[in-house]
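Have the viewer open while you read.

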Amino acid sequence: MKYIDEFRDGEVAQKLAAAIGREVNPDRRYHFMEFCGGHTHAISRYGVTDLLPDNVRMIHGPGCPVCVLPIGRVDQAIRLALAHGVTLCTYGDCLRVPASDGLSLLKAKAQGGDIRMIYSCADAVALAQQNPEKQVVFFAIGFETTTPPTAVAIKQAAALGLKNFSVLCCHVLTPPAIASIMEGVDEQLQLDGFVGPAHVSTIIGSRPYEPFAAQYRKPVVIAGFEPLDVLLAIRMLIRQVNEGRAEVENEFVRAVDRDGNRKAQALMDEVFELRENFEWRGLGTLPHSARRLRAEFAEFDAERRFVLAYRPVADHKGCDCGEILRGIKRPQECKLFGTVCTPENPVGSCMVSSEGACAAHYTYGRYKDV
Amino acid sequence: MSEPRKNYVRPLDIKHGRVDMAHGAGGRAMAQLIDELFARHLGNEWLAQGDDGAVLPAPGAGRLVMATDSHVVSPLFFPGGDIGCLSVHGTINDVAVMGAQPLWLSAAFILEEGFPLADLARIVESMAAAAKAAGVPIVTGDTKVVERGKGDGVFISTTGVGVIVAGRELSGCRARPGDVILLSGTLGDHGMAIMAGRESLGFESPIVSDTAALHGLIATMLDCGAELRVLRDPTRGGLATTLNEIARQSGVGMMLQEKVVPVSPPVAAACEFLGLDPLYVANEGKLVAICAANDAERLLAAIRAHPLGAHAAIIGSVHEDPHHFVQMTTAFGGRRIVDWLSGDQLPRIC
């Protein structure tokens, strides 16, 4: 595959790994967090850490859309399907997230809920068009990457005058999550730098990370999702640490610039406004960290249409997803990991998505634990 | 006295007719469907016996192998095949990977009221062609019809019987540390052909299913003199799941080399696009073989000499591992587990 294989080249990786080996200071340790689940997956899937010196440690961050979704939000989606009888559409990974009462969207589907896995939110709009007698709700999750398409779907539904389409909007923002992680640094978490988001940065650009680098004195290197991207970004971080710099650098120059995608940003602003507060799994309730539909689009807001109250639900007692999402614990340090909690029977959300830290470690890396 | 007049029976209207509930009711309509469609295309001396089961010549010395498989693939027709030939190939392969020569098949149809007879005829013709090409006749069958909405067009269950010569022992429990793992060709062609055939995904690709009867290839492998320990066709769950099954059955670990696992460029691209791993995508015409290291080259040459094995490769080895992990050295230079498939990557793949 042209333009993909080049970024997975094993020979280039060996050379880069050798260069990293020469550049690291053997007298210190390096702790870097990859924010995105996409990076977590690439690191585990390609075995990137096997190419790193022993004193460079990667910490998985909270940037997995399914992982940060709190139980209360999944409960809302299940309520829509079972109590309100809507056709609930969502992306595949959402289906297996454990919710209250031993349910998940997948189990609610088996109970008779009309729950559909879709690949694009445009499919949900089409479904509403084809089934005017059904209320179709799109359970919208994800960071800035998936938010503009949801805005397009809402505008499409408005243009079509659809009365049976709405969105349960759980879109979240990346910068507040990074800020939340930074607040915990040094107290509970040793951190020397960030591998910054790939796809999110194509939308928001590299500028939003500049305050973090300056305020917390931690380097940020934005990296693509291919393994060579990650390896190169790690070298750039090591150089910054060695030289005492804390800047925002961009490894993903083929897709990211400082300003991002202005059109997509305008579209998000047109359709959505910031919520006062939003509960995240692991990170708690963060101000101005999520979006909801503006009043002009209120009729497409499922929370308003179906008068859905949000009820926060505590995570499973033994589940360490919260600490794992904040980088304080590693998946294998959770006592449920690999015993009670497996991809077949996930207890916490980090074991669900392939981008989740627990699922990635279980699926690709658990041989290291034995 | 004149001879009683034969009842006029209107022939099946294959072009415009549809399956109705009577076709499964056991009466005349069903008999007609069997006569004019199934028997017409699948007919042979054993099926012609017309009983509930077929009386078959005894296989002489050796043991019988019997395997059964239900097919619910959606869409029914896909690039490179359809549910008809798939239901023949799948069961022949299940018999053949035991080291047996497949001899006979049975076929049971569950039809949905309203299903177009023209489509059913295409499916049955495809079964007939596949059975004929494989030299494995369909000798008995069954037909049921369910109400509209209670099925999805047609489901087909096939059962195969074969005979295995004395002394031949192939089983998933026979892999030993030091053995070598071979794969007969590219991964993921069937699964990705099905994906591309699903309208809702809205993508087009040149990928065709690899559905094929493998008993010919297997016969050449058995004849080459290599000591085969395990043979299996990596269908649902893909290569990864098949190897995990074998590792568990044999109580061993495995190490694969990603660099040499064959995947065609269109399949690799489609998997990339959909976020799938070809190691987990279904195949319907591929084999995994495990043999002693000394025999690996000879076996590889035998597989490659067969048209269905042109892209065969040695992909890894068996070693001791109390955890029975299947692992892989990635092309990138790292190492990872190749785990069991979790969840359902793609429902109704076969």
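The model itself is predicted.

The crossing of α2(B) and α3(B) is right-handed. On the α2(B) side, the residues that meet α3(B) include I83(B), V88(B) and I92(B), and among their α3(B) partners are I123(B), M127(B) and A130(B). Sorted by class, this helix contact has 10 nonpolar and four polar residues, with no charged ones.

## The two domains of chain B

Chain B splits into domain 1 (21-164) and domain 2 (180-337). Their C-alpha centres sit 27 Å apart, and each domain puts 20 residues into the contact.

On the domain 1 side, α2 (83-96), β4 (101-112) and α3 (117-134) of chain B each bring at least two residues. The most come from α2(B), which gives eight. That side of domain 1 of chain B has 13 nonpolar and seven polar residues, and no charged ones.

## Where the chains touch

How many residues of chain A are in contact with chain B? There are 24 from chain A, in contact with 19 of chain B. Helices α1 (10-23), α2 (37-46) and α14 (357-365) of chain A each supply at least two residues to the chain A side.

Charge does show up here: the chain A side that touches chain B has six charged residues, along with 12 nonpolar and six polar.

Methods
Residues are numbered from 1 along each chain as its sequence is written. Chains are lettered from A and ligands numbered from 1 in the order in which they are written. This is a predicted model: local features need pLDDT of at least 70, side-chain atom pairs count only at pLDDT 80 or more; totals for chains, interfaces and linings use all residues. Two residues are in contact if their C-beta atoms, placed from the backbone, lie within 7 Å. Helices (H or I, at least four residues) and strands (E, at least two) are DSSP runs, numbered from the N terminus. Ala, Val, Leu, Ile, Met, Phe, Trp, Tyr, Cys and Pro count as nonpolar, Asp, Glu, Lys and Arg as charged, and the others, Gly among them, as polar. Domain bounds come from an automatic or database domain assignment. A crossing is left-handed if the near helix is turned anticlockwise from the far one by less than a right angle, and right-handed if clockwise.
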